[in-house]
Amino acid sequence: QHGVPVVTMNRGAVNEFVKNGVNGYVCDRLESLPEAVRKIDEIDRTKCVETAKQFSLENAVNKYQELIRQVSEDYEW
């Protein structure tokens, strides 16, 4: 969790974690990548760290535990 901005192509589920201009840049065309890299210093690194924390092992475990708790409470044995 070092606060590294992301420069990526708009493919797959990338928009779920990269917010264009906030924690990185999402490019629709290959030709846009060099400009995005040049603008990388405009990204607030604390936003990148916040995003990384969402995908930490600890956070994932907590979410799975909460999901299991919800399922077990709602399930009629």
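Biologist: Is Asp 41 buried or exposed?
Modeller: This is a predicted model, and Asp 41 sits in the loop between α1 (33-38) and α2 (45-54). Exposed residues are those over 50% relative accessible area. Asp 41 has a relative accessible area of 66%, so the residue is exposed.

Biologist: How far apart in space are Asp 41 and Pro 5, C-alpha to C-alpha?
Modeller: In sequence, Asp 41 and Pro 5 are 36 residues apart. In space, the C-alpha to C-alpha distance between Asp 41 and Pro 5 is 8.8 Å.

Biologist: With which residue does the side chain of Asp 41 meet in a salt bridge?
Modeller: Side chains of opposite charge can pair when their charged atoms come close. For Asp 41 the N to O distance of the pair is 3.8 Å, and the cut-off for a salt bridge is 4 Å.

Biologist: What separation do the C-alpha atoms of Lys 39 and Asn 20 have?
Modeller: Lys 39 also belongs to the loop between α1 and α2. At 28% relative accessibility, Lys 39 counts as partly exposed. Lys 39 and Asn 20 are 19 residues apart along the chain, and their C-alpha atoms are separated by 12 Å.

Biologist: What pattern does the protein follow along the sequence?
Modeller: The protein contains three helices and two strands. Read along the sequence, these elements give the pattern β-β-α-α-α.

Biologist: Why is the protein described as more spread out than a compact globule?
Modeller: For 77 residues, the globule rule gives 11 Å. The C-alpha atoms of the protein fill a box of roughly 55 × 25 × 15 Å along the principal axes.

Biologist: What percentage of the 77 residues count as buried?
Modeller: The protein exposes about 6100 Å², of which carbon and sulfur atoms supply 53%. A residue counts as buried under 20% relative accessible area. Of the 77 residues, the share that counts as buried is 21%.

Biologist: In which sense do strands β1 and β2 pair?
Modeller: Strand β1 covers residues 6-9, and strand β2 covers residues 24-27. Val 6 stands opposite Gly 24 in β2. Over four bridges, the sense in which the two strands pair is parallel.

Biologist: Which residues of strand β2 point the other way from Gly 24 and Val 26?
Modeller: In a regular strand the side chains alternate between the two faces of the sheet. In strand β2, Gly 24 and Val 26 point one way, and the residues on both sides are buried. Those that point the other way are Tyr 25 and Cys 27.

Biologist: How many salt bridges does the count come to?
Modeller: The rule asks for a side-chain nitrogen of Lys or Arg within 4 Å of a carboxyl oxygen of Asp or Glu. One of the pairs is Glu 31 with Arg 29, at 3.8 Å from N to O, and Glu 31 counts as exposed at 57% relative accessibility. By this rule, the count of salt bridges comes to five.

Biologist: Which residues do salt bridges with shared partners join into one network?
Modeller: Arg 69 and Glu 73 meet in a salt bridge, at 2.8 Å from N to O. Both lie in helix α3, four residues apart, about one turn of the helix. Arg 69 counts as partly exposed, at 34% relative accessibility, whereas Glu 73 counts as exposed, at 55%. Salt bridges that share partners make one network of Glu 66, Arg 69 and Glu 73.

Biologist: Which residues form the nonpolar patch on the surface?
Modeller: Tyr 64, one of the members, lies in helix α3 (residues 57-74). This residue is exposed, with a relative accessible area of 57%. Together the members of the patch have about 570 Å² of accessible area. The patch is formed by Tyr 64, Leu 67, Ile 68, Val 71 and Tyr 75.

Terms used: Residues numbered from 1 in each chain as written. Predicted model: local features only at pLDDT ≥ 70, side-chain atom pairs only at ≥ 80, totals over all residues. Heavy atoms only, no water. Patch = residues over 30% accessible without salt bridge, like charges linked within 9 Å, V, L, I, M, F, W, Y side chains within 5 Å. Areas by Shrake-Rupley, 256 points an atom, 1.4 Å probe, with all protein chains shown as cover. Buried < 20%, exposed > 50% of the residue type's maximum accessible area, 1.4 Å probe, protein only. Rg over C-alpha atoms; globule rule 2.2 N^0.38 Å. Pairing = 2+ DSSP bridges.
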